[in-house]
Amino acid sequence: MEDSEYESVLCVKPEVHVYRIPPRATNRGYRAADWQLDQPSWSGRLRITAKGQMAYIKLEDRTSGELFAQAPVEQFPSIAVESVTDSSRYFVVRIEDGSGRRAFIGIGFADRGDAFDFNVALQDHFKWVKQQCEFAKQAQNPTPGPKLDLSFKEGQTIKLNIASVRKKEGSAGNAKSRPSNSAGMSLLPPPPGGRVSAQPPPSGEHILGGAAASSAGATLPWPQLNPTTAATADVWGDFAKASGSTSGQTQQSSNWVQF
């Protein structure tokens with residue numbers, strides 16, 4: 001044990017009682033009923049400290065802190081700290097002095113919770129010691145574990161389900177390709193029967209391409225374009241040349257003048 005190791009405090013109990021115990025007559029263990037529990041030999045404070053892997057049970061004066069006795073503990077449970085067979089509040093500890101002399105004394109707590117904390121503090125410390133020893137062994141003799149192989153073996157394949165992704169992309173494309181009804185103007189179909197009916201203007205005259213109609217209810221044929229002669233003949237001009245009135249006024253024009 002090196003002197004550079006610091007000492008830590010594991011547990012402190014302000015009240016503990018010390019008893020003289022008779023020699024153990026059998027191997028069944030100690031019984032607190034054999035002690036004079038109403039007449040403790042000493043009362044004071046108990047501290048459990050740790051330095052390295054060793055734990056120390058120290059019995060001190062509760063006012064001055066002077067050390068009354070000390071019990072070094074190398075492992076737990078062991079002969080250094082034993083529980084009695086008839087109570088959970090009393091223990092037998094082996095104290096030592098600097099000259100190597102040893103003696104067994106009994107200690108007891110007035111509160112059962114203090115006895116529980118005393119026991120747990122020793123258990124936790126030596127559990128930590130055991131873990132540190134295992135870590136040290138693994139560091140000195142590292143055992144190579146199985147390596148993780150993520151490569152494809154011969155004949156192995158992988159499948160990706162991307163049908164839902166394609167479906168979403170197709171729906172988005174169809175939505176973009178659909179023209180909006182409000183974006184353009186719809187074309188009106190030609191009137192039924194291929195004929196145009198002219199309504200009489202307020203003046204009672206019908207002028208279409210410069211020619212006057214003879215009656216208000218007259219109907220005019222809808223011009224039909226011939227793809228072979230559309231480039232050379234002006235069907236609207238021929239339509240405008242038709243004469244249906246007695247006024248004798250004609251107008252040579254190939255465009256609509258007035259509706």
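1. A salt bridge here is a side-chain nitrogen of Lys or Arg within 4 Å of a carboxyl oxygen of Asp or Glu. Glu96 is partly exposed at a relative accessible area of 25%, and Arg102 is exposed at 54%; buried means under 20% relative accessible area, exposed over 50%, and partly exposed in between, with a 1.4 Å probe and protein chains only.

2. A word on the ground rules. This is a predicted model, in which local features need pLDDT of at least 70, side-chain atom pairs count only at pLDDT 80 or more, and totals for chains, interfaces and linings use all residues. Residues are numbered from 1 along each chain as its sequence is written, and side-chain values use heavy atoms, with hydrogens and water left out.

3. On confidence, the mean pLDDT (the predictor's confidence in each residue, from 0 to 100) is 74, and 58% of the residues reach 70 or more. Please read residues 203–218 with care: pLDDT is below 50 there, and the model gives this stretch 28 contacts (heavy atoms within 4.5 Å) beyond near neighbours in sequence. Residues 243–253 also stay under 50, with 13 contacts beyond four places in sequence.

4. Phe118 deserves a look in the viewer. Beyond four places in sequence, Phe118 is in contact with Leu46, Ile48, Ile57, Val81, Phe91, Ile107 and Phe109.

5. How many salt bridges does a search of the whole structure find? There are nine. One of them joins Lys13 and Asp117 at 2.7 Å, N to O. Lys13 lies in strand S1 and Asp117 in helix H1, so this pair ties together parts that are 104 residues apart in sequence. Lys13 is buried at 9% relative accessibility, whereas Asp117 is partly exposed at 32%. Asp114 joins these two residues in a network of salt bridges; Asp114 lies in H1 and is buried at 18%.

6. Glu82 and Arg24 also form a salt bridge, at 3.5 Å, N to O. Glu82 is in strand S5 and Arg24 in the loop between S1 and S2, 58 residues apart.

7. Trp42, in strand S2, is buried with a relative accessible area of 17%. Residues that Trp42 touches, not counting those up to four places away in sequence, include Val16, Val18, Leu59 and Phe68. Its C-alpha atom is separated by 9.4 Å from that of Ile107, 65 residues apart along the chain.

8. One backbone detail to check: a cis peptide bond joins Phe76 and Pro77, with omega about -5°. Pro77 is in the loop between S4 and strand S5 (81–83).

Methods
Helix = DSSP H or I, 4+ residues; strand = E, 2+ residues; numbered from the N terminus.
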